[in-house]
Amino acid sequence: QVQLVESGGGLVQPGGSLRLSCAASGSIFSINDMGWYRQAPGKEREYVALMDIGGTTNYAESVKGRFTISRDNAKNTGYLQMNSLRPEDTAIYYCYASIASDLVRGSNLYWGQGTQVTVPS
């Protein structure tokens with residue numbers, strides 16, 4: 001089985017920085033896309049960023065230039081560096097990954113449990 005565990009959330013003042021981590025463990029043959037979504041109170045979950053297996057990145061317009069996604073394939077871990085944080089970045093941040101457990105079967109999508117990021121106004 002595969003698990004994703006996020007860490008690194010917390011309370012940070014406006015303009016501050018946080019680095020989220022997403023560690024994948026279990027039966028992993030390859031990790032394709034890794035990315036992040038977030039959900040603010042009373043709002044739908046929204047896309048934040050992704051990085052594919054080749055290292056190509058994509059960001060939501062709202063975080064472009066402030067957030068940086070990266071991954072360490074040797075550690076099966078993804079990261080989201082968040083700089084210049086704003087109150088509107090307050091949300092639960094969820095990582096996801098498309099993971100294949102072997103060569104035969106296709107990839108499945110896995111989600112972490114979420115980590116809270118709070119930026120007070």
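**Model.** I worked from a predicted model.

**Tyr37.** I then listed its contacts, leaving aside neighbours within four places in sequence. Tyr37 is in contact with Arg45, Glu46, Tyr47, Val48, Ile92, Tyr93, Tyr94, Tyr96 and Trp111. I also took one distance. Tyr37 and Ser70 are 33 residues apart in sequence and 15 Å apart in space, C-alpha to C-alpha.

**Arg38.** Buried or exposed? Arg38 counts as buried because its relative accessibility is 5%, under the 20% cut-off. Which side chains does its side chain meet in polar contacts? I found Asp89 at 2.9 Å and Tyr93 at 2.9 Å. Beyond four places in sequence, Arg38 touches residues including Glu44, Ser62, Phe67, Glu88 and Ala91.

**Cavity.** I noted about 50 Å³ of space in the largest cavity. Its lining includes Cys22, Trp36, Met51, Arg71 and Tyr96. Ser70, which I used for the distance to Tyr37, is also on the lining list. Which strands each supply at least two lining residues? I wrote down S4, S7 (67-72), S8 (77-82) and S9 (91-100). By class, I have eight nonpolar, three polar and one charged residues in the lining.

Technical notes: Residues numbered from 1 in each chain as written. Predicted model: local features only at pLDDT ≥ 70, side-chain atom pairs only at ≥ 80, totals over all residues. Heavy atoms only, no water. Contact = heavy atoms within 4.5 Å. Buried < 20%, exposed > 50% of the residue type's maximum accessible area, 1.4 Å probe, protein only. Polar contact = N/O pair within 3.5 Å; in protein donor to acceptor, adjacent residues only side chain to side chain. 1 Å grid on protein atoms, 1.4 Å probe; cavity = no way out; pocket = protein on both sides within 12 Å on 5 of 7 lines; lining within 4 Å. Points joined across faces, edges and corners; volume = space filled by probe spheres on them. Helix = DSSP H or I, 4+ residues; strand = E, 2+ residues; numbered from the N terminus. Nonpolar A, V, L, I, M, F, W, Y, C, P; charged D, E, K, R; others polar.
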